[in-house]
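Have the sequence and the 3D view handy.

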Amino acid sequence: MGFQRSALAVALSLATLTAVAQTPAATAAPEAMDPNVVRVMISPDKETTLAAPMNGRIKTLNLTLGSTFPQGRTLATFDCSENDARAKIAAAELKAARETYEAKVRLQGLQAAGDVEVNLAAAAVDRTVGQVELAQVQNAQCAVVAPFAGRVAKIFVRQYQGVNIGTPLAEIISNGPLKIRLNAPSRWLKALKVGTPFEVAVDETGVTYAAKVSALGARVDVSAQTIEIEGQFTAVHPGLLAGMSGTARFAGLK
């Protein structure tokens, strides 16, 4: 009786192994089953991290997560009381230097001042002009202006916070059309060109969108035998966001 039970257990195990071996890999990723499918990432047309242009305390911060802004809007300002005082000092020194130079020129006309004195007075004017220009440049850094129209993707600081020059303030992305970035097998180069159509199935939305190749990379990755490709959607889809991912399928490529 024990021998019969053992034989039955062995037979069931063999049957199970045979069934598993004959079952198709239904759970395999689509890109692993279809050689014409590759992973893609959706990215903004422009993106950058705004950094503090100076050491100081943030006076105003006109940023909220996800908010939109036009190009040229002031996104943050710094407390520039010290810079303002330096600018006033530089302006006063320039005024004094110019008056001194004009007086030396008049004295030179009366033969009461030599060329050296006049030249030194002129050099003092040039020096103070440079100080005024430097103060203007420093004051311009008191405001962080949006380089393009876009949205706030991430904020790293808070209002009234003290920061050092180069400290990341916020990450912003453009409002322009989204890019599709992917690494395609380099063997596709013989068939790919700008304008080649393909489809993108986005994981987050579960929808497939029409797209086309907009740019081909200039170098093949030797180790991976791939080339970077950029694409764009053929229509505007408000539901898509930068950072989403999915798969791209190119029909007819091998």
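Predicted model: local features only at pLDDT ≥ 70, side-chain atom pairs only at ≥ 80, totals over all residues.

Residues are numbered from 1 along each chain as its sequence is written, and side-chain values use heavy atoms, leaving out hydrogens and water.

Strands of a sheet pair through backbone hydrogen bonds, either parallel or antiparallel. To count as a pair here, two strands need at least two bridges found by DSSP. S10 and S13 (residues 226-233) are joined by seven bridges and run antiparallel. S10 (residues 179-185) also runs antiparallel to S1 (residues 37-43), with four bridges between them. On that side, leucine 182 in S10 sits opposite valine 40.

Now hop over to S11 (residues 197-202), which has five bridges to its antiparallel partner S12 (residues 208-221). Look for tyrosine 209 in S12, the bridge partner of valine 200.

So what do these strands build? They belong to a closed barrel of six strands, in the order S1-S10-S13-S12-S11-S14, with antiparallel pairing. From one strand to the next, the twist averages 40° (angles run from 0 to 180 degrees between N-to-C directions, using axes fitted to C-alpha atoms).

Zooming out, the protein has four helices and 14 strands (DSSP runs of H or I with at least four residues, and of E with at least two, numbered from the N terminus). Of its 254 residues, 29% are buried, meaning under 20% relative accessible area with a 1.4 Å probe, counting protein chains only.

Technical notes
Buried < 20%, exposed > 50% of the residue type's maximum accessible area, 1.4 Å probe, protein only.
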